[in-house]
Every structure is written in structure tokens, then in C-alpha cells.
Amino acid sequence: MTDGLNDVEKLHLRAFIERIEKLEEEKSAISADVRDVFAEAKGNGFDVKAMRSIIKLRKMDANE
């Protein structure tokens with residue numbers, strides 16, 4: 001996979017890969033946290049589907 005790369009390039013590539021892997025792990029943890037919050041809201045009687053719609057609307061540009 002790294003044939004033709006010098007040692008500096010290999011280290012640089014490895015650093016990028018490791019950063020991406022770390023971010024993917026963090027993204028998974030955040031997704032789990034979001035699911036937990038929705039579950040907690042549902043447990044408190046809130047409509048999760050409506051909450052998702054509200055979040056979607058809040059993400060939209062004001063002109064939309």
C-alpha cells in the first residue's frame with residue numbers, strides 16, 4: 001500500500017489515518033450520546049419524531 005513512499009510520507013500518511021480513526025471513534029461516541037438523549041426525552045413523554053423535525057427545521061437556513 002505504501003510502496004513508493006519515503007519514510008516521511010509514510011509517517012505523514014499514518015498521522016492522517018490515525019487522526020481520522022480517532023475522529024470516527026469520537027463520532028460514534030457522540031452518536032451514542034445523542035441516542036441516549038432521545039431515549040431520555042422519550043422516557044419523559046416527549047415525541048422524539050417531533051423533536052427530530054424541530055432539529056431539522058432549526059438546521060435550515062432562515063431563507064428556506
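**Briefing on the predicted model**

Isoleucine 30 is exposed, its relative accessible area being 52%. The structure is a predicted model, and the points below describe selected positions in it together with the contact of helix 1 with helix 2.

**Positions in helix 1**

- Isoleucine 30 belongs to helix 1, which spans residues 7-43.
- The relative accessible area of isoleucine 30 is 52%, and the residue therefore counts as exposed, a class that requires a value over 50%.
- Between isoleucine 30 and leucine 5, which are 25 residues apart along the chain, the C-alpha separation is 35 Å.
- Lysine 27 is also located in helix 1.
- With a relative accessible area of 48%, lysine 27 is classed as partly exposed, because this value falls between the 20% and 50% limits.
- The C-alpha atoms of lysine 27 and lysine 10 are 26 Å apart in space, and the two residues are 17 apart in sequence.

**Arrangement of helix 1 and helix 2**

- Helix 2 covers residues 48-59, and its axis comes within 9 Å of that of helix 1.
- The two axes cross at roughly 130 degrees.
- On the side of helix 1, the contact involves Phe38, Ala41 and Lys42.
- On the side of helix 2, Val48, Met51, Arg52 and Ile55 take part.
- By class, the residues of this contact comprise five nonpolar and two charged, with no polar residue.

**Methionine 51**

- Methionine 51 is found in helix 2.
- Apart from neighbours within four places in sequence, methionine 51 is in contact with Phe38, Ala41 and Phe46.
- Methionine 51 and serine 28 are separated by 23 residues in sequence, and their C-alpha atoms by 21 Å in space.

**Aromatic rings**

- The charged end of arginine 52 is placed over the ring of phenylalanine 38, at 4.0 Å from the ring centre.
- Phenylalanine 38 and arginine 52 are also both among the residues through which helix 1 and helix 2 meet.
- Aromatic pairs number zero when the whole structure is searched.

Key:
Residues are numbered from 1 along each chain as its sequence is written. This is a predicted model: local features need pLDDT of at least 70, side-chain atom pairs count only at pLDDT 80 or more; totals for chains, interfaces and linings use all residues. Side-chain values use heavy atoms; hydrogens and water are left out. Helices (H or I, at least four residues) and strands (E, at least two) are DSSP runs, numbered from the N terminus. Buried means under 20% relative accessible area, exposed over 50%, partly exposed in between (1.4 Å probe, protein chains only). Axes are lines fitted to C-alpha atoms, for helices over the stretch in contact, and angles run from 0 to 180 degrees between N-to-C directions. Contact means heavy atoms within 4.5 Å. Ala, Val, Leu, Ile, Met, Phe, Trp, Tyr, Cys and Pro count as nonpolar, Asp, Glu, Lys and Arg as charged, and the others, Gly among them, as polar. Rings of Phe, Tyr and Trp (its six-membered ring) pair if their centres lie within 6.5 Å; planes under 30 degrees apart count as stacked, over 60 as edge-to-face and the rest as tilted. A charge sits over a ring if NZ of Lys or CZ of Arg is within 6 Å of the ring centre and within 35 degrees of the ring normal.
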